[in-house]
Amino acid sequence: METLELLFASLVRETAESIRDRHLPFAIKNDEAACFAWMDAHPVSGYVQEAYREIEETALQIRAIRAG
């Protein structure tokens, strides 16, 4: 069970990072220093709850597809 928990934790973190990256302001995408400053001000931990919601929605969609 420990391996499954580690995989899930990794998925949550990757999803949270992806969500954060989608919120990165377009105006600073080409400015590396500004990007790092913005990321420091917006830690991944702030996006974990949204990541759980996205993962749960995906799981529900998969279940619906499997159910036919």
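**Entry 1**

I started with Glu17, which forms a salt bridge with Arg13, the closest N and O atoms being 3.3 Å apart. For this term I used a side-chain nitrogen of Lys or Arg within 4 Å of a carboxyl oxygen of Asp or Glu. This is a predicted model, where local features need pLDDT of at least 70, side-chain atom pairs count only at pLDDT 80 or more, and totals for chains, interfaces and linings use all residues. Residues are numbered from 1 along each chain as its sequence is written, and side-chain values use heavy atoms, with hydrogens and water left out.

Where do Glu17 and Arg13 lie? I found both in helix H1, four residues apart, about one turn of the helix. Helices here are DSSP runs (H or I, at least four residues), numbered from the N terminus.

Next I looked up how covered the two partners are. I call a residue buried under 20% relative accessible area, exposed over 50%, and partly exposed in between (1.4 Å probe, protein chains only). Glu17 has 27% relative accessibility, so it counts as partly exposed. Arg13, at 47%, is also partly exposed.

**Entry 1: a salt bridge between helices**

How many salt bridges does a search of the whole structure find? I got two. Arg22 is exposed because its relative accessible area is 51%, whereas Glu54, at 26%, counts as partly exposed.

**Entry 2: helix H3 and what follows**

I then checked the length of H3, which covers residues 48-67. The expected span is 1.5 Å times one less than the number of residues. The 20 residues of H3 should therefore span 28 Å, and the end C-alpha atoms are 29 Å apart, which agrees. After H3 comes Gly68, whose phi is positive, near 90 degrees.

I found Ala51 touching Val12, Thr15, Ala16 and Ile19, leaving out residues up to four places away in sequence. Contact means heavy atoms within 4.5 Å. Val12 is 39 residues from Ala51 in sequence, yet their C-alpha atoms are 5.9 Å apart.

Thr15 sits in helix H1 and is buried too, at 13% relative accessible area. Beyond four places along the sequence, Thr15 touches Ala51, Glu54 and Ile55.

**Entry 3: the core**

Which residues make up the largest nonpolar core? I listed eleven: Val12, Ala16, Ile19, Leu24, Ile28, Cys35, Trp38, Val44, Tyr47, Ala51 and Ile55. The elements giving two or more residues to this core are H1, H2 and H3, and the largest share, three residues, comes from H1. A nonpolar core is a set of buried Ala, Val, Leu, Ile, Met, Phe, Trp, Tyr and Cys residues joined through side-chain atoms within 4.5 Å. As background, nonpolar side chains tend to be buried together in soluble globular proteins.

I also looked at Val44. With residues up to four places away left out, Val44 touches Arg13, Ala16, Glu17 and Arg20. That brings back both partners of my opening salt bridge, Glu17 and Arg13.

**Entry 4: Met39 and the surface**

Met39 is in helix H2 (residues 32-41) and counts as partly exposed at 22% relative accessibility. Apart from residues up to four places away in sequence, Met39 touches Arg20 and Asp21.

Last, I found a nonpolar surface patch of about 270 Å², made by Phe8, Leu11 and Tyr52. Such a patch takes residues with over 30% relative accessible area and no salt bridge, with nonpolar side chains (Val, Leu, Ile, Met, Phe, Trp, Tyr) joined within 5 Å. The area comes from the Shrake-Rupley method with a 1.4 Å probe. Phe8 lies in helix H1 (residues 2-23) and is partly exposed at 36%.

Conventions:
Patch = residues over 30% accessible without salt bridge, like charges linked within 9 Å, V, L, I, M, F, W, Y side chains within 5 Å.
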